[in-house]
Amino acid sequence: MNKKITISSIKKTKGIRPLVMITAYDALFAKLLEDDSDMILVGDSLNMSFAGKNDTLSTTMDQMLYHTNAVCRGAKNSFVICDMPFGSYTNKDDALKNAIRVFQETPADCVKIEGGSDKAEIVKHLTNNGIAVCGHIGLLPQSVRSEGGYKVKGKTNKEQLQLIEDARAIEEAGAFCMVIEGVKADVATEVTNCVEIPVIGIGAGAGVDGQVLVFSDMLGLFEEFTPKFVKKYMDGASLVRDAVKNYSYEIASKEFPKEEHTY
Ligand code: KIV
């Protein structure tokens, strides 16, 4: 996957092949991840995995712009999504002003907004003004404090109907794809079948149009907690610790640096 995917080719994948999305927060990792992903998400999860905070809520616009630029420099052939941070899209004017900053101050290809039918007006305002939008429905990390925790959605009939309404509203508002997070698998599949744009799941089972994971989770680098939906593709934390232990040992034993490392 070394040619940048476009919005129209993203839409055309629906029903044909699953999309691969992964987060990145810096140029170094973005470059390593880009060959095998369709889209790189500069998620506001960086507030937790990168900055060590407890949730995503204190992420700022300036931080998102800084990290998005870093990712775009590292992954020049990738379709890059910039997450709109908490508080940056509470009304149409602020949303447009901040989304325009993303498009003017970074080469990102679209923004991502958390919310369903309650945010449809905002999504419509952005798409009407030339900003491509990826929606985000289901469990919304930016609502963690108001909801009193991370709660899996789609457990009741009411929630199920709400998710379908949310997905339809976001599609109708002009979003070209959406993330669905923390939703019972059968419900996420039903939501996916109710819209024509790709629905990319995280903790939403296999019946969706693609998957997204936070890179530091799937590489086993983030150790604070591991949600049930995360698969660790390597034990990054142990690899890093072992390497640093070895480095420290070789300095103490004067095995490093050797002749080949010396001018
Ligand atoms: O911020 C993020 O990384 C996200 C993913 C969890 C989808 O929004």
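Ala, Val, Leu, Ile, Met, Phe, Trp, Tyr, Cys and Pro count as nonpolar, Asp, Glu, Lys and Arg as charged, and the others, Gly among them, as polar. This is a predicted model: local features need pLDDT of at least 70, side-chain atom pairs 80 or more, while totals for chains, interfaces and linings use all residues. Residues are numbered from 1 along each chain, and side-chain values use heavy atoms, without hydrogens and water.

Q: How does the shell around the ligand divide by class?
A: Four residues are nonpolar, four polar and four charged. Among those surrounding the ligand are Thr23, Leu41, Asp83, His136 and Val214. Each counts as near, because a heavy atom lies within 4 Å of the ligand.

Q: How much of the ligand's accessible area does the protein cover?
A: The protein covers 96% of the 260 Å² that the ligand has on its own (Shrake-Rupley, 1.4 Å probe).

Q: Which space does the ligand take?
A: The ligand takes the largest pocket. Sitting there means that more than half of its atoms lie within 2 Å of the pocket's grid points. The largest pocket holds about 650 Å³.

Q: Which residues lie nearest the centre of the largest pocket?
A: Of 31 lining residues, these are Pro141, Glu181, Ile202, Pro227 and Phe229. By class, the lining has 16 nonpolar, eight polar and seven charged residues.

Terms used
1 Å grid on protein atoms, 1.4 Å probe; cavity = no way out; pocket = protein on both sides within 12 Å on 5 of 7 lines; lining within 4 Å. Points joined across faces, edges and corners; volume = space filled by probe spheres on them.
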